[in-house]
Amino acid sequence: MVMDLNKCIGCHTCSIACKRLWTRREGMEAMWWNTVNTAPGEGTPRGWEGMGGGWERPGGGREGRDAAQPRPGHLPTLREFGEAWSFDHAASFAAPARAVPVEPQGGDPAWGPNWDEDVGAGEYPNAYYFYLPRICNHCTHPACLEACPRQAIAKRAEDGIVLIDEDRCRGYRFCAEACPYKKIYFNAVAGVSQKCIFCLPRLEQGVANACARQCPGRVRFVGYLDDPEGPIHRLVTHWKVALPLHPEYGTQPNVFYVPPLSPPRLDAAGNPTGEPRIPPAYLESLFGPEVHAALRTLEGEMARRRKGETSELLDVLISRRWLDLFGPFTRHPREVERVRSETREART
Ligand code: SF4
Ligand code: SF4
Ligand code: SF4
């Protein structure tokens, strides 16, 4: 998957699409396999970037699995993820206008999974933030998989999707400690670890992931990295404008991000300084040093378009034809349901 951060509006439709489809069973109340946090911010779970896990290479270095050693990780608590709240809806509806008691019931009233939304950093007039949607990265070198003593986690050879076999899982949670993105959750009712399944049952029917298909911002591209005509290959390999998040964690993620452009900083008199408002050093801390070349490429292609020239890159990113986002996964979910019911009818 590629997510274009210049198009994300922080609406959380993706999170709700995933929630409705996959995490509505008992024990999954506090699970958000898809999260959209404001960056800079503590994210979900709280302070996840400081929780360790993944791989490190003695003597430093950013990427590659040669000589990589596991980096110790912290097991996030439910409170750090943010507990599921409920509200007294009846009292809220009955209360007079502007006096609605909306205090959450249950859980930590001082922290939730999207607590610091739209807070960001910097001071007016140079405050800045952007939205950072995250799912499991279905890594090429998944720390979760190698940490599991039950061999309950597998990476499918045919499409690279990383899955937990809940029949084998005993809920030890070494995987959750080891994942540096903290994208594994514990179901205390079922006693197993659970995470994003990359909508495998949909993909197998040619239907794109729910979080991608429902996204009103057309942020998410889906496809195979080795399909030279597909959007993922064009953005990641050809144009090199889509980068993995925290490549130094060493797991080789397969979710890539088009980094955010930003308006110029303003000086005390309100004049643009020519410097970007989002500090380049912050973006480098997220996406590695390649982020500067990626931003230059985006700016260069935008300049070409302003001069009336064509840009294949911008055409891909703008995605005028919605279905172009989804590579080979363009079937409508209803179509699959129709095929299923027709098959059922033919059998009876
Ligand atoms: Fe495993 Fe997903 Fe974490 Fe990668 S992001 S280590 S595949 S749980
Ligand atoms: Fe949820 Fe599917 Fe998106 Fe994974 S790919 S976060 S399972 S909607
Ligand atoms: Fe961003 Fe799309 Fe998710 Fe909305 S649905 S928060 S635009 S990724």
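To what number does the count of aromatic pairs come, and how is each pair described?

A: The count comes to eleven aromatic pairs. Rings of Phe, Tyr and Trp (its six-membered ring) pair if their centres lie within 6.5 Å; planes under 30 degrees apart are stacked, over 60 edge-to-face, and the rest tilted. A pair of aromatic rings is described by the distance of the centres and the angle of the planes.

Some ground rules come next. This is a predicted model, in which local features need pLDDT of at least 70, side-chain atom pairs count only at pLDDT 80 or more, and totals for chains, interfaces and linings use all residues. Residues are numbered from 1 along each chain as its sequence is written, chains are lettered from A and ligands numbered from 1 in the order in which they are written, and side-chain values use heavy atoms, leaving out hydrogens and water.

Take Trp85 and Trp115. Their ring centres lie 6.0 Å apart and their planes meet at 85 degrees, so this pair is edge-to-face. Trp85 sits in the loop between α2 (78-81) and α3 (89-94), and Trp115 in the loop between α3 and β5, so the pair ties together parts that are 30 residues apart in sequence. Helices (H or I, at least four residues) and strands (E, at least two) are DSSP runs, numbered from the N terminus. Trp85 is partly exposed, at 30% relative accessible area. Trp115 is partly exposed as well, at 41%. The cut-offs are under 20% for buried, over 50% for exposed, and partly exposed in between (1.4 Å probe, protein chains only).

Tyr129 and Tyr131 form another edge-to-face pair, 5.6 Å centre to centre with 65 degrees between the planes. Tyr129 is partly exposed at 37%, whereas Tyr131 is buried at 12%. Tyr131 also touches Cys8; contact means heavy atoms within 4.5 Å. Cys8 lies in the loop between β1 (2-4) and α1, and is buried at 17%.

Lys19 lies over the face of Trp32, 5.1 Å from the ring centre. Arg173 lies over the face of Phe186, at 3.7 Å. For this, NZ of Lys or CZ of Arg must be within 6 Å of the ring centre and within 35 degrees of the ring normal.

Note on methods. Lists of a residue's contacts leave out its neighbours within four places in sequence.
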